[in-house]
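Student: Hi! Could you walk me through this one?
Tutor: Happy to, let's look at it together.

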Amino acid sequence: GVDYFDRKTGRFKHYNQAAGNYTARGSLSGYIDKNNVVWFGTWSEGAYWLDTAADKFQAVAYNLLLAESEEKTSNRLNDSVVWGFCETRDNYFWVATHRAGLSRYDTRTGLFTKYRKGPGGLSDDIARNCFEDSKGRFWIGTANGLNLMDRQTEQFKHYLPIEGNAN
């Protein structure tokens, strides 16, 4: 489950299966977006967001078959393992996944666009995290190096580990 600490009251709120307000068995990552929506990624149950009106977490729909499909966009996330989240100044929400690379969520259309390993793509399909730096550059950490995305061309430059270099 997940625990929320309310700084105003000094109390914890518990979200878990027993309480019926968080159905996932555990969490890998957490994120609070610019609208103060709380997100959690899980090992095998996808992503969840806190619906404050209902005071419970809602699951983001996913379809594992999308990871291997040729379909680039969908109204569902393409993996059940979520390592991380981030937002970029162009108002996209990004989800780093374990088997399906990176997914960009467009809040205006409700569509996910996937970015995977391949020519011009990510260096690995295990995307662990993402980050937009102060210059607006978009970085993705994968199991096989760091990637820099050119958002105009949607191509990735790879910074790969050097054999024998611990740094």
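Student: Where is glycine 118 found?
Tutor: Glycine 118 sits in the loop between strand 11 (111-115) and strand 12. Keep in mind that this is a predicted model.

Student: Is glycine 118 buried, exposed or partly exposed?
Tutor: Its relative accessibility is 28%, so glycine 118 counts as partly exposed.

Student: And what separation is there between the C-alpha atoms of glycine 118 and glycine 46?
Tutor: Those C-alpha atoms are separated by 24 Å, and the two glycines lie 72 residues apart along the chain.

Student: Switching to cysteines: how many disulfides does the structure hold?
Tutor: The structure holds 1 disulfide. Cysteine 86 and cysteine 130 form it, with their sulfur atoms 2.2 Å apart. The pair links distant parts of the chain, 44 residues apart: cysteine 86 is in strand 8 (residues 82-87) and cysteine 130 in strand 12 (residues 127-132).

Student: Why is the disulfide left-handed?
Tutor: The torsion about the S-S bond of cysteine 86 and cysteine 130 is about -120°, and therefore the disulfide is left-handed.

Student: Is cysteine 86 buried or exposed? What about cysteine 130?
Tutor: Cysteine 86 counts as buried because its relative accessibility is 4%. Cysteine 130 also counts as buried, at 9%.

Student: You mentioned strand 8. Which order do the strands of the open sheet have?
Tutor: The order is 7-11-10-9-8, an open sheet of 5 strands with antiparallel pairing. Strand 7 (73-74) and strand 8 are the edge strands, each pairing on one side only.

Student: How many bridges join strand 9 and strand 10?
Tutor: Strand 9 (residues 92-97) and strand 10 (residues 102-106) pair over 5 bridges, in the antiparallel sense. Tyrosine 92 stands opposite aspartate 106 in strand 10.

Conventions
Residues numbered from 1 in each chain as written. Predicted model: local features only at pLDDT ≥ 70, side-chain atom pairs only at ≥ 80, totals over all residues. Heavy atoms only, no water. Disulfide = S-S within 2.5 Å. Helix = DSSP H or I, 4+ residues; strand = E, 2+ residues; numbered from the N terminus. Buried < 20%, exposed > 50% of the residue type's maximum accessible area, 1.4 Å probe, protein only. Pairing = 2+ DSSP bridges.
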